[in-house]
Structure formats: structure tokens, C-alpha cells
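Here are some notes to read beside the model. Keep the structure open and find each residue as you go.

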Amino acid sequence: MDTMELIRARHSVRQYEDTPLAQEQIAALQAEIRAINEESGLHFQLITNEPKAFDSFMAHYGKFSGVINYFALVGPKSPELDEKCGYYGERLVLFAQSLGLNTCWVKLTYKKVPGAFRVDPGEKLALVISLGVGKTQGISHKSKTFSEVAQYEGDMPDWFRCGVESALLAPTAVNQQKFFFAGFGNVVSATDEKSICSKIDLGIVKYHFELGAGRENFIWADKK
């Protein structure tokens, strides 16, 4: 699959088969995590064969079952941590999809298991992502329209339209899609409505926008 095919194929999955990850999949995921951590300064970790985090009332309430593998999105405490975890976490999600695995972003419906992963002094666990062979491939959800989430001043270039269309396929908390892209020339701003997961969602949709638009075609307003 190419990148856009992966984006269209990937949906949240909460129920998993009792199938261990293949060693080749684990090795590939660990290599991608090392690359992400080196690039970002984050401390992402892969946890395998650990059933306790999703064996709780909250996890069952959230309709999770069969979860024994997950990513722990850990990083240095900072105001930017949630957005960075969203951005690089979605990179990891799509990489897992390319390996034939399914995922789901999880903010609250899990419990921390002592010793399952490392949180060093000055670091924080932002959230986790469940991982495994899904019982289904998930389903698509209703999406907002282009005009509800984006505006371009002047003649809209194809790259901007493609970026927004990619962002509309991104996962967001309870599918609220509380983001907005504004473009002028080659400068794009991305904003969010304040909520518990808004910064994580913003990182996710910015990663999707970059994939659709092509990073060579624009600059973020806050990076000028």
C-alpha cells in the first residue's frame, strides 16, 4: 500500500485476536521506535505480552478485549509533549498498519502496570496505543466537510486540498475533528479547540496534513 491507501485502510480497532506478534513485526516496530525517539527526543516504548493494562473495568467499559500489546507514548514533560506524541504516535500507527497490524489510541481506558515500561525522572506517560491483530479492520466514521475545517486565501493549490483531505481521515478523540487549517501562499496554520485531547489530536492531524500536502510544498506558520 502507498501512504494514502494506508490512511484510508486504517481504522480504530478495540478487539484483538489471541495472536502473538511475529518476531519480524517486533523487530520492525522496535527499529521504527528507535528512529522516532532519536529524531524527536521522545521515549516511546513497545510493550508485548502484557495483559494487565487492559484487564480493568474501564478497559472493558471501553469495549477493549484481547489487548496484550501496546505502545507507551512517553516523553519529557513540556507544553509540547501531547502534540509531539500525537504527531509521532500517528507515524507509528501507520507504520504498524503497514505491517498488517491494528491499533487504537487510548487516553483513559487502561491502567498503568508497574514495571511494564519506563518513565524516567522529568518524563511523563501521555497515553498508550493498543496494538495487535484485530478481529475486524474497524469501520469508517462520518467526517466533517472540507469547508468546516479549512480555508485558503486566494486560489487554492492542489497540495493544500490534498493535505486537508488527508487530515479529515485522521483519528481524533470521539471523532470530533476539532481542528482548523488556514492557508495563504505557502504558509499554513493549524489550530484546535481546547479539550482534554485537543493537542494530541492536533499533532495527529498535522502529521496527516504533511503526508497529503507534501512537506516540501509549505511551511507551518509557527515555524516561520
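1. Is cysteine 85 buried or exposed? Cysteine 85 is buried, with a relative accessible area of 0%. Buried means under 20% relative accessible area, exposed means over 50%, and partly exposed lies in between, using a 1.4 Å probe and protein chains only.

2. A word on the source. This is a predicted model, in which local features need pLDDT of at least 70 and side-chain atom pairs count only at pLDDT 80 or more, while totals for chains, interfaces and linings use all residues. Residues are numbered from 1 along each chain as its sequence is written, and side-chain values use heavy atoms, with hydrogens and water left out.

3. Back to the cysteines. A disulfide is a covalent bond between the sulfur atoms of two cysteines. Here a disulfide is counted when a pair of cysteine sulfur atoms lies within 2.5 Å. By this rule the count is zero. Cysteine 162 is partly exposed, at 36% relative accessible area.

4. Now phenylalanine 44. It sits in the loop between helix H2 and strand E1 (45-47). Helices (H or I, at least four residues) and strands (E, at least two) are DSSP runs, numbered from the N terminus. Phenylalanine 44 is buried, at 2% relative accessibility. Contact means heavy atoms within 4.5 Å. Leaving aside neighbours within four places in sequence, phenylalanine 44 contacts residues including Ile33, Ile36, Cys85, Tyr88 and Leu92. Glycine 75 is 31 residues away from phenylalanine 44 in sequence, yet their C-alpha atoms are 7.2 Å apart.

5. Next, helix pairs. Two packed helices are described by the angle between their axes and the distance between the axes. Axes are lines fitted to C-alpha atoms, for helices over the stretch in contact, and angles run from 0 to 180 degrees between N-to-C directions. Angles under 35 degrees count as roughly parallel, over 145 as roughly antiparallel, 65 to 115 as roughly perpendicular, and the rest as oblique.

6. Take H2 (residues 23-40) and H4 (residues 81-98). Their axes come within 11 Å and cross at roughly 155 degrees. That makes H2 roughly antiparallel to H4. The contact involves, among others, Ile33 and Ile36 of H2 and Tyr88 and Leu92 of H4. By class, this contact of H2 with H4 has nine nonpolar, one polar and four charged residues. Ala, Val, Leu, Ile, Met, Phe, Trp, Tyr, Cys and Pro count as nonpolar, Asp, Glu, Lys and Arg as charged, and the others, Gly among them, as polar.

7. H4 also meets H7 (residues 198-213). How do their axes cross, and at what angle? The axes of H4 and H7 come within 6 Å and cross at roughly 50 degrees. That makes H4 oblique to H7. The contact includes Gly86, Tyr87 and Arg91 of H4, and Gly203, Tyr207 and His208 of H7. By class, the contact of H4 with H7 has seven nonpolar, three polar and seven charged residues.

8. H7 packs against H6 too. The angle between H6 and H7 is about 140 degrees, with axes 7 Å apart. H6 and H7 are therefore oblique to each other. Cys162 and Ser166 are among the H6 residues in this contact, and His208, Phe209 and Gly212 are among those of H7. This contact of H6 with H7 has eight nonpolar, four polar and no charged residues.

9. Look at serine 166 in H6 (residues 158-167). Serine 166 is buried, with a relative accessible area of 0%. Not counting residues up to four places away in sequence, serine 166 touches Met4, Ile7, His208, Phe209 and Gly212.

10. Last, check the backbone. Most residues other than glycine have a negative phi. Asparagine 49 has a positive phi of about 50 degrees, although it is not a glycine. Asparagine 49 lies in the loop between E1 and helix H3 (57-61) and is exposed, at 54% relative accessibility. Glutamine 177 also has a positive phi, near 50 degrees. Glutamine 177 lies in the loop between H6 and strand E6 (179-184) and is buried, at 2% relative accessible area.
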